[in-house]
Amino acid sequence: MSALNSVAVVGAGAWGTALANAAARAGRDVTLVARDDATAMNIAMHRTSPRLPGIKLESKVVMTGNAADAARAQVILLVVPAQALRATLKPFAAAIPQGCVVMACAKGIERTTGLFMTEIIAELAPRAVPAILSGPSFADDVARGLPTAVTLAAPDEPIAAALCQALGSPTFRPYHTTDVRGVEIGGAAKNVLAIAAGIVVGRKLGASALAALTTRGFAELTRFGRACGAQPETLAGLSGLGDLVLSCSSPQSRNFSFGIALGQGQSAAQAAGGKLAEGAFTASVLLDIARTKGIDMPISEAVASILDGRTDIDTAITGLLARPFKAEG
């Protein structure tokens with residue numbers, strides 16, 4: 001297919017700013033959409049986002065506060081929280097032309113409907129090509145041009161490859177796949193498991209327990225992915241295992257930090273500290289899907305139970321440790 005030269009990034013938070021810079025470094029014409037004109041003017045004036053202080057916007061990034069401007073681009077990146085993606089896309093979805101790529105850059109499942117991000121895109125913008133970006137990446141690293149690798153998934157192989165060419169650069173390396181659902185599952189499930197990993201650290205259960213939790217969490221993610229038709233290589237790749245390892249080991253992960261605070265005895269509201277932990281919204285709907293498919297996910301079940309107030313952390317830990325011995329798998 002022809003080159004994708006124009007990119008609109010909807011969402012001027014930390015991740016949106018980082019991806020706008022990445023696309024500009026790749027040589028694209030980039031429009032960064034803020035939530036309103038005043039915010040757009042402020043960012044344009046100072047060439048920096050308040051959500052990512054100290055990082056200057058690349059010169060090729062143009063600011064706007066009008067989401068409808070995004071519909072003029074060949075590629076639209078929706079860089080907003082998973083639970084806000086529908087409300088963000090809906091006002092300009094009808095203006096999106098045939099064949100425009102609309103890529104979700106959120107990792108989650110819509111809590112009210114149980115839909116994955118690309119399913120919401122397909123519902124609201126049926127003329128668009130739904131795509132997903134995921135993988136082990138922190139906004140600050142990408143914005144600063146530090147080496148990062150991610151996965152881009154689209155249902156059509158030429159489009160997926162073209163997206164890599166459009167967004168890739170020497171320091172931002174995307175790998176492509178057509179396994180859209182596998183990429184979405186990795187991003188959504190790892191957020192829940194990262195909360196569990198944080199709880200282990202917050203409770204000071206030790207490095208061995210953290211390694212065990214991460215490994216058994218990956219087993220859960222794999223079982224869930226297989227049941228939903230994901231490809232094994234996707235689950236073992238950047239958007240699955242890679243993202244899980246990063247999110248379960250670094251305090252830069254909001255979900256991991258949220259879990260640490262929970263493990264230290266803070267309430268969910270205190271642990272969030274005004275920041276978004278996507279896994280807190282995804283846990284219950286992930287479990288709902290798992291139950292309908294008969295998938296055993298004890299770690300995710302424990303996280304959901306803690307967040308829903310059905311059990312306390314110590315009881316949940318005791319329950320996991322009391323599970324019957326079995327063969328690994």
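1. A crossing of two helices is left-handed if the near helix is turned anticlockwise from the far one by less than a right angle, and right-handed if clockwise. In this predicted model, the crossing of helix 7 and helix 8 is right-handed.

2. Helix 7 covers residues 180-202 and helix 8 covers residues 207-227. The two pack with their axes 10 Å apart, at an angle of about 155°. Angles over 145 degrees count as roughly antiparallel, so helix 7 is roughly antiparallel to helix 8.

3. On the helix 7 side, the contact is made by I185, G186, A189, K190, L193, A196, A197, V200 and V201. Helix 8 contributes A209, L210, L213, G217, E220, L221, F224 and G225. By class, the residues of this contact comprise 12 nonpolar, three polar and two charged.

4. The loop between helix 7 and helix 8 holds K204. Phi of K204 is near 55°, a positive value in a residue other than glycine. Is K204 buried or exposed? With a relative accessibility of 75%, K204 counts as exposed, because the cut-off for that class is over 50%.

5. R47 also deserves a look for its backbone: phi is positive, at about 55°, although R47 is not a glycine. R47 sits in the loop between helix 2 (37-46) and strand 3 (61-64). Its relative accessibility is 22%, so R47 counts as partly exposed; buried would require a value under 20%.

6. T214 belongs to helix 8. Its relative accessible area is 15%, so T214 is buried. Which backbone oxygen lies 2.9 Å from a polar atom of the side chain of T214? That oxygen belongs to L210, a residue that is also listed in the contact between helix 7 and helix 8. Beyond four places in sequence, T214 touches L244 and C248.

7. R310 is placed in the loop between helix 14 (298-307) and helix 15 (313-321). At 48% relative accessibility R310 counts as partly exposed, because exposed means over 50%. Not counting residues up to four places away in sequence, R310 touches R291, E301, A304 and S305. With E301 there is a polar contact of 3.5 Å between the side chains. G273 is 37 residues from R310 along the chain, and the C-alpha atoms of the two are separated by 22 Å.

8. S305, one of the residues touched by R310, lies in helix 14. S305 has a relative accessible area of 9% and is therefore buried. Apart from residues up to four places away in sequence, S305 touches R310 and T311.

9. P155 lies in the loop between strand 7 (148-153) and helix 6 (157-167). P155 is exposed, with a relative accessible area of 51%; the class begins over 50%. Leaving aside neighbours within four places in sequence, the contacts of P155 are V129, P130, T178 and V180. Between the C-alpha atoms of P155 and T177, which are 22 residues apart along the chain, the separation is 8.1 Å.

Technical notes: Residues numbered from 1 in each chain as written. Predicted model: local features only at pLDDT ≥ 70, side-chain atom pairs only at ≥ 80, totals over all residues. Heavy atoms only, no water. Axes fitted to C-alpha atoms, helices over the stretch in contact; angles between N-to-C directions. Helix = DSSP H or I, 4+ residues; strand = E, 2+ residues; numbered from the N terminus. Parallel < 35°, antiparallel > 145°, perpendicular 65-115°, else oblique. Contact = heavy atoms within 4.5 Å. Nonpolar A, V, L, I, M, F, W, Y, C, P; charged D, E, K, R; others polar. Buried < 20%, exposed > 50% of the residue type's maximum accessible area, 1.4 Å probe, protein only. Polar contact = N/O pair within 3.5 Å; in protein donor to acceptor, adjacent residues only side chain to side chain.
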